[in-house]
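Subject: Structure handover

Hello,

Here is the structure I said I would pass on. Please open it and keep it beside you while you read the notes below.

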Amino acid sequence: MELNNGAEGGSNGVTVSAANSGGASGNAFDSTVGTPTITYDSAQARGTLAYKVVAGASAQQLVWSSSMGTQAELWGRLYLYSSGAPNSSNGLIRFLTGGSQAARLRYETTGALAIADSGNSPEFTTTNALATGQWTRVEFHIQFIATNAVVELRLYNSADSTTPTETQSVSNAAGMGVNCDTIQIGSFNSATMTVWMDGLQVNNTGWPGPIVGRPSPLVASRAATVRAARW
């Protein structure tokens, strides 16, 4: 199982829906949740578009569920551009089993990242803060078993580097839920936060690594200008 989505099939400023999230973007989401809504946005993007999340009064998420199936172990990735840390701890990704939280990737007020268990208790928190005002990459690995679960996080403040800024891991985690059947990506409470997300991936085989062969924002912008001039 491998699901990828890079937002390239959308239109700038348009609300993301399950129906418009496939095509050139990659694997469509099974559903979307939230008000205010997540939108396609060109202000910050790894290609021409990314997903803009403006956290507000309610949760807002892009959801893979039936497309993913039920998994006992997951690896994944997201590219993340943050304008600043949230004013209270906010979830970026939530992993569910049977409708209940199995784990959560959190963005803390310090700028650090944490992976928490089903009760939202952190297994670890990064020492380094997520770099702001630039693209970063976050990769995770979680075993969804009752005891002695492996949980790992790799933070890359240089977005396309193959050397992590920091790695955190535990091999004896408890309370991570049993299996995962849904992954929700976005924002999960009323914290004030604006982030852009791109290059989303989840799989059940191994570390994703950086996107290979995707144009940089500058190259993509020039390509769009050339296409416009031809028309």
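This is a predicted model: local features need pLDDT of at least 70, side-chain atom pairs count only at pLDDT 80 or more; totals for chains, interfaces and linings use all residues.

Charged pairs

Side chains of opposite charge can pair when their charged atoms come close. This structure holds 3 salt bridges.

One of them joins the side chains of Arg46 and Asp160, with N to O at 2.4 Å. Are the two partners buried or exposed? Arg46 has a relative accessibility of 15%, and because buried means under 20%, Arg46 counts as buried. Asp160 has a relative accessible area of 40% and is partly exposed.

Another salt bridge links the side chains of Arg106 and Glu108, at 2.8 Å from N to O. Arg106 and Glu108 are both buried.

Arg137 and Glu139 also form a salt bridge, and their closest N and O atoms are 2.8 Å apart. Here too, both Arg137 and Glu139 are buried.

An arginine without a salt bridge

Arg77 belongs to strand β6 (residues 73–82). Arg77 is buried but has no salt bridge. How far away is the nearest side chain of opposite charge? That side chain is Glu139, at 5.6 Å.

What does the side chain of Arg77 reach instead? It comes to 2.9 Å from the backbone oxygen of Gly209. Leaving out residues up to four places away in sequence, Arg77 touches a number of others, among them Asn4, Arg137, Glu139, Phe140, Leu200, Gln201, Pro208, Gly209 and Ile211. That list includes Arg137 and Glu139, the two partners of a salt bridge described above.

Nonpolar cores

In soluble globular proteins, nonpolar side chains tend to be buried together. The largest nonpolar core in this model has 46 residues. Which residues have the most contacts inside it? They are Tyr51, Phe95 and Met197. Strand β15 (residues 193–203) gives the most to this core, contributing 5 residues. Another core, of 7 residues, lies apart from the largest one, and includes Ala45, Tyr79, Tyr81 and Trp135.

Regards

How values were computed:
Residues are numbered from 1 along each chain as its sequence is written. Side-chain values use heavy atoms; hydrogens and water are left out. A salt bridge is a side-chain nitrogen of Lys or Arg within 4 Å of a carboxyl oxygen of Asp or Glu. Buried means under 20% relative accessible area, exposed over 50%, partly exposed in between (1.4 Å probe, protein chains only). Helices (H or I, at least four residues) and strands (E, at least two) are DSSP runs, numbered from the N terminus. Lys and Arg count as positive and Asp and Glu as negative; His and the chain ends are not counted. A polar contact is a pair of N or O atoms within 3.5 Å; within protein, one must be able to donate a hydrogen and the other to accept it, and residues adjacent in sequence count only if both atoms are side-chain atoms. Contact means heavy atoms within 4.5 Å. A nonpolar core is a set of buried Ala, Val, Leu, Ile, Met, Phe, Trp, Tyr and Cys residues joined through side-chain atoms within 4.5 Å.
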